[in-house]
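Visitor: I'd like to go through this model with you, a bit at a time.

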Amino acid sequence: MQHQQILRISTQGKTLQKVTAQVAQVVAESGIRTGLCNLFLRHTSASLIIQENADPDVLRDLETFLSKLVPEGYQYIHSAEGPDDMPAHIRTVLTHTSEQIPVGNGRLLLGTWQGIYIWEHRRHSHTRELVVHVWGE
């Protein structure tokens, strides 16, 4: 059995937005008890990560580290979409646009402290599309 749904998530610009509950709802509605949930973010300037969901300092430290690793203001050749666009593409290459999570008893089998986040790398708000594909029995 398979189930697929596209979630449209509005981001607030350069933030990590938790989407665990939305994905968990799709899994629950799928009727699949045991299987795999594949997530795919359909963008090149935002990322999808599984990370600490208890202490927000972890997310702030990740944002700080990546902004220092890939700074804006560098003389990138691609700049037609603004000074934050090319750094966003590089940050996406260094992270992920897809994740796979096992499903058991009709639920995501995330660890206790794990959450699913869309990491917006652009300064402005965007509507991001997250494909949730669940298959199994």
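**Loops, sheet and helices**

Visitor: Asn105: buried or exposed?
Guide: Exposed, because its relative accessibility is 59%. The classes are buried for under 20% relative accessible area, exposed for over 50% and partly exposed in between, using a 1.4 Å probe and protein chains only.

Visitor: Before we go on, what are we looking at?
Guide: A predicted model, where local features need pLDDT of at least 70 and side-chain atom pairs pLDDT 80 or more, while totals for chains, interfaces and linings use all residues. Residues are numbered from 1 along each chain as its sequence is written, and side-chain values use heavy atoms, with hydrogens and water left out.

Visitor: OK, back to Asn105. Where does it sit?
Guide: In the loop between strand E5 (98-104) and strand E6 (107-108). Strands (E, at least two residues) and helices (H or I, at least four) are DSSP runs, numbered from the N terminus. Asn105 isn't a glycine, yet its phi is positive, about 55°.

Visitor: And what's the phi of Lys14?
Guide: Positive too, about 40°, and Lys14 isn't a glycine either. That residue is in the loop between strand E1 (2-10) and strand E2 (16-18). Lys14 counts as partly exposed because its relative accessibility is 32%.

Visitor: Switching to the sheet: what's the strand order?
Guide: E1-E8-E3-E5-E6, an open sheet of 5 strands with antiparallel pairing. Two strands pair if DSSP finds at least two bridges between them. E1 and E6 are the edge strands, each pairing on one side only.

Visitor: How many bridges join E1 to E8?
Guide: There are 9, and the two strands run antiparallel, with E8 covering residues 127-136. Ser10 has Thr127 as its bridge partner in E8.

Visitor: Which helix packs on that sheet?
Guide: H1 (residues 20-30), which touches E1, E3 (35-41), E5, E6 and E8. Contact here means heavy atoms within 4.5 Å. The direction of H1 makes about 155° with that of E1; axes are lines fitted to C-alpha atoms, for helices over the stretch in contact, and angles run from 0 to 180 degrees between N-to-C directions.

Visitor: New topic: which residues does Thr92 touch?
Guide: Leaving out residues up to four places away in sequence, Thr92 touches His43, Thr44, Ser45, Ala46, Ser47, Thr97 and His121. Thr92 is in helix H3 (residues 85-94), and counts as buried because its relative accessibility is 8%.
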